[in-house]
Amino acid sequence: TCSCVPMVALALPLGQPSIGNLFASLPLPLSTGLPVNVNAHFRLHDNRRAIWRLTPDLDGEHKMWAQWNDWILSSMVPFVYARALELLAGTPDLVSDHGHSVWPVPSAVEKEFLNILNPLVRVLKDLPLLPTPIGQLAKPIDALYFPSPTPALRAYRGKMLQLCASRGHIIVDPPEHVVDLLHARGALTRKPCEWVFWEVVLPIATTVPSDELATLLLALVEWAGSWQESEIRKLAERLADVLWLPTDGGAPHAIRTSFDPKSAAGEFRVVREKRANINAHIKRMDLDADAVWRILHACGLKAELTWGDIVDEAALVI
């Protein structure tokens, strides 16, 4: 029989990431792949080189010991681990990263210890762990996350997070390994990056300062250079009436009412006032200029005068 008390203790190395080991009072030659050391009253093989684990051929006392060990790993370790992460998240003076460095990296966890992860997340999902842009801690199950797939979008991620929070979304920005752990187990909602533009930025476009709006949408346009043609058509539809593109005339215009600065009709006033003026933005943001201009043309940026432009020009002359 097993007369041990089911004690579990974790040692969390703060600062530099590390690969944790298993302990049974003394260290065992077993790496877990977790970034923490786990000490518990495990039942060991006689040579102390392994702990008993359930296999089909076990019976009797060995089977009971394996069940004991599995219960510790799947119940007690996740509970203690989750409470440790909750403590770190709420103690910013202790760690600067809210304890993210000691969250498990799913791909690094050894196969024999993967049974810790699902029960761990079941506890974590309802704990206030993830910092938000407004300085609060959110439960993963209530929170949203979105990726930033390009350098330009990553550079302005902070502004996008603030806009999401201002619209009442519980938005979080943990490291990718935390996102992977939670999202794969249904504990965190992951939205596509374009969701931020369709559901947050565009509905409040008229209230966003013009330079900030231009910066965000140029980052989006550059990213669209990697999209499929059908997706670019949808982008053109969504941006059709948004006044955001900087022009020589000083006022922002919709893409479809603006002109390519290389237009041959540059001598006309109606063209001069509506020529896209984004070269400074492209340089400052280090954007792919070819991709930006290609997508702007696909979204309706004009190279030639239309009959409507001719009428407008005539009215200016008269």
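**Ground rules.** I am reading a predicted model, where local features need pLDDT of at least 70, side-chain atom pairs count only at pLDDT 80 or more, and totals for chains, interfaces and linings use all residues. Residues are numbered from 1 along each chain as its sequence is written, and side-chain values use heavy atoms, with hydrogens and water left out.

**Entry 1: α4 and α6.** I looked up helix α4 (residues 157-166) and helix α6 (residues 193-201). Helices are DSSP runs of H or I, at least four residues; strands are runs of E, at least two; both are numbered from the N terminus. The two axes, lines fitted to C-alpha atoms over the stretch in contact, come within 10 Å and cross at roughly 45°. I then listed the contact (heavy atoms within 4.5 Å). α4 brings M160, L163 and C164. α6 brings C193, W195, V196, F197, V200 and V201.

**Entry 2: α5.** Which residues of α5 (residues 176-183) are buried? I found H177, V178, V179, L181 and L182. Buried means under 20% relative accessible area, exposed over 50%, and partly exposed in between (1.4 Å probe, protein chains only). Their cover includes α2 (117-124), β5 (130-131), β7 (144-145) and β8 (189-190).

**Entry 3: D126.** I found D126 in the loop between α2 and β5. D126 is partly exposed, because its relative accessible area is 38%. Leaving aside neighbours within four places in sequence, D126 is in contact with K139 and I141. I also checked A187: D126 and A187 are 61 residues apart in sequence, yet 8.6 Å apart in space, C-alpha to C-alpha.

Notes
Axes are lines fitted to C-alpha atoms, for helices over the stretch in contact, and angles run from 0 to 180 degrees between N-to-C directions.
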